Amino acid sequence: MEHIDINGIMKVLPHRPPFLLIDRILEVEPGKYCKAIKNVTYNEEFFKGHYPDYPVMPGVLIIEALAQTGGYGILTLAGNEGKRPLFAGMNNVKFRKQVVPGDTLTLEVTIDKLRESFGKGTGKAYVDGKLVCEGELIFMLG
């Protein structure tokens, strides 16, 4: 599969900068799995106020990047085009390592359950092959 760049991502997801938190899709199996990357740079808006003397990516934004990755995988499934994925919850989320400027987040989401307007997925985020975050993501389709 050819990688999907930011322009291709914006054709599927409703998010826009500065809140679009994925840069490239590496793999997608519509409705089942999606793998993306996020290049973390010091120029990110959130670093201005989130520990400016010790820049660390907020955990909630790592979760949001995972949610957007899963959203891409869901919206590429036939019949889901144009729907709006809404984050409905998360369970058993664990952060294992800090994410800092210069890191590349590899985001993987497996869709475990998908109904007409509801679903669950398992998200994992890695930096240099090391797990930095994992958890269950719950979403609704509007």
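Strands β1 and β2 (residues 33-39) run antiparallel and are joined by five bridges. Within this pairing, Arg-24 has Ile-37 of β2 as its bridge partner. The model is a predicted one.

The two strands belong to an open sheet of six strands, in which the order is β1-β2-β4-β5-β6-β3 and the pairing is antiparallel. The edges of the sheet are formed by β1 (24-29) and β3 (85-95), each of which pairs on one side only. On average, and with direction ignored, neighbouring strands of the sheet are turned by 20° against each other. Helix α2 (residues 59-75) lies across β1, β2, β3, β4 (104-114), β5 (118-127) and β6 (130-141). The helix runs at about 55° to β4.

Aromatic side chains were examined next. With ring centres required to lie within 6.5 Å, the count comes to two aromatic pairs. In one of them, the rings of Tyr-42 and Phe-47 have centres 6.2 Å apart and planes at 10°; the pair is therefore stacked, since planes under 30 degrees apart count as such. In the other, the ring centres of Phe-46 and Phe-47 are 4.6 Å apart and the planes are at 55°, so this pair is tilted. Tyr-42, Phe-46 and Phe-47 together form one aromatic cluster.

Phe-46 and Phe-47 are both buried. For Phe-47 the relative accessibility is 1%, and the residue therefore counts as buried, the limit being under 20% relative accessible area.

How values were computed:
Residues numbered from 1 in each chain as written. Predicted model: local features only at pLDDT ≥ 70, side-chain atom pairs only at ≥ 80, totals over all residues. Heavy atoms only, no water. Phe/Tyr/Trp six-rings, centres within 6.5 Å; stacked < 30°, edge-to-face > 60°. Buried < 20%, exposed > 50% of the residue type's maximum accessible area, 1.4 Å probe, protein only. Pairing = 2+ DSSP bridges. Helix = DSSP H or I, 4+ residues; strand = E, 2+ residues; numbered from the N terminus. Axes fitted to C-alpha atoms, helices over the stretch in contact; angles between N-to-C directions. Contact = heavy atoms within 4.5 Å.
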